[in-house]
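We will go from stop to stop together.

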Amino acid sequence: MQKSFTDQLGNGININFPPQRIISVVPSQTELLFELGLDKEIIGLTKFCIHPIEKFAGRTKVGGTKKLNIDLIRAMKPDLIIGNKEENAQSDIEELARDFPVWMSDIFTVEDAMKTISQIGGLVDREPEAAYLNHLISAGFNDLKTLALQHNINKRVAYLIWRNPFMAAGYNTFINDVLVTNGMTNVIRQDRYPEITIEQLKVANCDLILLSSEPYPFKEKHIEEIQAALPDTRIMMVDGEMFSWYGSRLVKAVQYFFEFQKELY
């Protein structure tokens, strides 16, 4: 049967419900679909949709999140494409939306992520499974907020995502909301992902600089590089998936952040 939905950008779509030929072009949302119990329905994903790894090998790769193979997607004839405003190129999405139902998320907070899980659950006929995931996430992140307050973490932090030039997660990002949940204050006041210099980090008076494992693969040698310039600031490597993947990965992130907070007490 046909069913109508509205995505998080306000666009209405009509799909054959429940959809049987889904292409997901966002890694965290691909993982969510599998966690909700879908399998054969997911016919395509990006080369970055590596979780769960046992499902990755057997699926058609439709390019990267920023550069989709439009001709291949057309040939696959999906009955639903699921994307994200920040992750995917607007031109790709607009082109695909001329021929196929495309549902887009737009996520800035953990609350937004839970709303997305609920909406995608409804989109693919997995509402009870989505509600259970949200129950776990809500309980876990509320506990994290409580623990951060109890232990008075209150760290001034910069979260770096790129090098040459250095770029950081600023305000109005999902990463910023995760930082705040764990008792940290983001010293990067600009929106989105501004370039930042070592001199600016010095002036910002950070207690802590976090080097993400993605999208730039920071290594131990980069800790040494930044530490030499900022000898009084603590530098830590962190798992970027835990800070930036906003699907079912948030369930695993709860335990990660319990341990992370212990490092800051």
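The model is predicted, so to speak of local features a pLDDT of at least 70 is needed, side-chain atom pairs count only at pLDDT 80 or more, and totals for chains, interfaces and linings use all residues. Residues are numbered from 1 along each chain as its sequence is written, and side-chain values use heavy atoms, with hydrogens and water left out.

Select residues 2-6, strand E1, together with E2; the two run antiparallel and are joined by five bridges. Strands here are DSSP runs (E, at least two residues), as are helices (H or I, at least four), numbered from the N terminus; two strands pair if DSSP finds at least two bridges between them. Show Phe 5 next: opposite it, in E2, stands Ile 13. Five residues separate the strands of this hairpin, and in the turn you will find Gly 10 with a positive phi of about 90 degrees.

**Stop two: the faces of E2.** Now select residues 12-16. Ile 13 and Ile 15 make up the covered face, while Gly 12, Asn 14 and Asn 16 lie on the uncovered one. In a regular strand, side chains alternate between the two faces of the sheet.

**Stop three: helix H1.** Select residues 27-35, where eight of the nine residues are buried (under 20% relative accessible area, with a 1.4 Å probe and protein chains only; exposed is over 50%, partly exposed in between). Among the buried ones are Gln 29, Glu 31 and Phe 34. After H1 comes Gly 37, with a positive phi near 105 degrees.

**Stop four: helix H7.** Finish at residues 174-181: H7 is largely enclosed by the rest of the structure because six of its eight residues are buried. Those are Phe 174, Ile 175, Asn 176, Val 178, Leu 179 and Thr 181. Gly 183 follows H7, and its phi is positive, near 85 degrees.
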